[in-house]
Amino acid sequence: MRQVPFFRVDCGGNELRYVEEVLRSGWLTTARFAARLEEEFARKVGAKHAIAVNSCTSALHLAAEAVGVGPGDRVLVPSLTFTATAEVVRYLGGEVVLCDVDSRTGLLTPEIVDRSIAAHPGLKAVMLVHFAGLAADLEAIAGICRARGIAVIEDAAHAFPTRYPGGRVSVGAGSSSFCCFSFYANKTMTTGEGGMLVTADDALAARARLMRLHGIDRDVWARFTDPRRGWMYDVVAPGFKYNMPDLNAAVGLAQLERADEFHLARVRLVGRYLERLASCPFLVMPSSPDDAREHAWHLFAVRLGEDAPIDRDGFIRALGEAGVGTSVHYRPLHRMKYWAERCGAEAESFPNAERWWNRTVSLPLFPGMSDEDHDHVCDTVLGLLSARPTATAGRS
Ligand SMILES: *Cc1c(COP(=O)(O)O)cnc(C)c1O
């Protein structure tokens with residue numbers, strides 16, 4: 001039987017060649033390749049500063065530290081996200097305020113942010129997640145926050161390459177304090193493990209660079225290459241160990257070379273999904289910008305309609321039996337033991353995140369997916385949903 005995984009990484013470009021170059025150079029950790037990845041990534045998204053780190057979680061932590069999140073500070077986080085978005089607030093002793101998301105897009109909206117600010121005066125920062133790779137309305141949300149001295153940190157783990165509404169600017173070139181990308185193995189580009197922190201603010205960038213490597217006042221590559229007193233340095237803060245090794249950066253450079261190709265492949269596969277599945281009466285398609293190319297399409301999450309002849313768990317099980325890998329994004333944070341206890345969050349306060357959790361399934365989507373694999377997914381989905389809905393007792 002045909003097996004279609006949820007995701008398969010493609011390292012068929014220059015990855016091996018660049019990794020070999022690093023291995024032969026004798027310098028495996030942060031150096032030329034990491035610096036080149038920073039430069040080229042910054043150029044790609046139009047960012048002023050790009051700071052390579054060992055994960056998006058590290059980037060989020062550095063961002064929250066640099067904007068001054070500290071003990072007792074409250075930070076707004078959408079419940080529909082991965083736990084990393086929230087946990088970094090706790091690293092710094094801050095408190096997470098969970099909020100619901102828009103039912104159609106899964107995003108924070110200016111209205112939700114406005115309402116949350118009114119309900120929780122004194123918020124220190126907002127974590128803005130570009131869910132699935134669709135851009136949130138940064139311009140409006142940053143405007144609301146700027147007026148009140150609230151920092152906006154973008155979790156762009158799904159959003160490379162994404163453009164903001166209107167398509168003019170890439171996610172990462174906008175007016176937030178920081179924007180954090182993930183190069184985890186199953187993201188739209190990878191370094192195995194890794195991330196990138198970008199900002200337009202010189203002072204914030206300097207702080208994040210300092211804290212990325214132990215709070216040492218000179219980076220290790222600069223010390224190594226400095227002919228004078230390379231051994232001399234000072235420690236000015238209790239920093240972290242978040243630098244990206246060159247071995248990982250080498251993979252990232254090769255991936256970045258193919259970013260447009262990867263993106264176009266995703267856009268094409270999404271177009272194919274919409275063509276095949278949009279007319280199915282039991283499925284709601286993910287919301288797409290008018291120009292589908294603005295969306296990174298990290299995820300293609302379909303929602304099962306209330307009348308669907310099969311529930312979420314049954315749908316996933318049957319797809320699995322037909323060899324189709326799926327995933328669910330996400331079991332919301334308010335349903336997680338730690339966050340429920342810490343934030344005292346009740347499911348009734350998150351009706352939209354609840355609906356995402358109960359009714360959406362992410363289908364396979366990766367650049368190397370063949371048309372035959374894609375057809376198999378579509379045929380299986382349509383087959384499972386072709387049965388007429390069974391009349392529920394008591395329904396007229
Ligand atoms: C993957 C992911 C992260 C964490 O990224 P890492 O690079 O694994 O640390 C954070 N937020 C979201 C929304 C993610 O999907």
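Trainee: Where is the place of Pro-161?
Mentor: Pro-161 sits in the loop between S5 and S6. Helices (H or I, at least four residues) and strands (E, at least two) are DSSP runs, numbered from the N terminus. This is a predicted model: local features need pLDDT of at least 70, side-chain atom pairs count only at pLDDT 80 or more, and totals for chains, interfaces and linings use all residues. Residues are numbered from 1 along each chain as its sequence is written, and side-chain values use heavy atoms, with hydrogens and water left out.

Trainee: Is the peptide bond from Phe-160 to Pro-161 cis or trans?
Mentor: Cis, with omega near -10°. The bond from His-329 to Tyr-330 is cis too, with omega near -5°. Tyr-330 is in the loop between helix H11 (312-321) and helix H12 (337-343).

Trainee: OK, and phi of His-214, positive or negative?
Mentor: Positive, near 65°, in a residue other than glycine. His-214 belongs to the loop between helix H7 (202-212) and helix H8 (220-225).

Trainee: Back to the strands. What is the order in the open sheet of 7 strands?
Mentor: S1-S7-S6-S5-S4-S2-S3, with mixed pairing. Two strands pair if DSSP finds at least two bridges between them.

Trainee: Which are the edge strands?
Mentor: Strand S1 (49-53) and strand S3 (95-99), each pairing on one side only. The twist averages 20° from one strand to the next.

Trainee: How many bridges between S5 and S6?
Mentor: There are 3 bridges, parallel, between S5 (residues 151-155) and S6 (residues 178-182). Ile-153 has Phe-178 in S6 as its bridge partner.

Trainee: Which strands does H3 touch?
Mentor: H3 packs on the sheet and touches S1, strand S4 (125-129), S5, S6 and strand S7 (195-199). Contact means heavy atoms within 4.5 Å. The direction of H3 makes about 165° with that of S6. Axes are lines fitted to C-alpha atoms, for helices over the stretch in contact; angles run from 0 to 180 degrees between N-to-C directions.

Trainee: New topic, the ligand. Which of the 15 residues around the ligand come nearest?
Mentor: Thr-57, Asp-155, His-158, Ser-182 and Lys-187. A residue is near a molecule or strand if one of its heavy atoms lies within 4 Å of it.

Trainee: How do the shell residues divide into nonpolar, polar and charged?
Mentor: There are 6 nonpolar, 7 polar and 2 charged. Ala, Val, Leu, Ile, Met, Phe, Trp, Tyr, Cys and Pro count as nonpolar, Asp, Glu, Lys and Arg as charged, and the others, Gly among them, as polar.

Trainee: What lies 2.9 Å from an oxygen atom of the ligand?
Mentor: A backbone N or O atom of Cys-56. A polar side-chain atom of Lys-187 lies 3.1 Å from a ligand oxygen. A side-chain N or O atom of Tyr-330 is also 3.1 Å from an oxygen atom of the ligand.

Trainee: What percentage of the ligand does the protein bury?
Mentor: The protein buries 92% of the 380 Å² that the ligand exposes when taken alone. Accessible areas come from the Shrake-Rupley method with a 1.4 Å probe; for residues, only the protein chains shown count as cover.

Trainee: Which elements give two or more residues to the shell?
Mentor: Helix H3 (56-66) and helix H4 (84-91).

Trainee: And the sheet of 3 strands, what order?
Mentor: S8-S9-S10, an open sheet with antiparallel pairing. Strand S8 (283-284) and strand S10 (360-363) are its edges. S9 (residues 300-304) joins S10 through 4 bridges.

Trainee: What packs on that sheet?
Mentor: Helix H10 (residues 259-277) touches S8, S9 and S10, at about 20° to S9. H11 lies across S9 and S10, at about 20° to S10.

Methods. A polar contact is a pair of N or O atoms within 3.5 Å; within protein, one must be able to donate a hydrogen and the other to accept it, and residues adjacent in sequence count only if both atoms are side-chain atoms.
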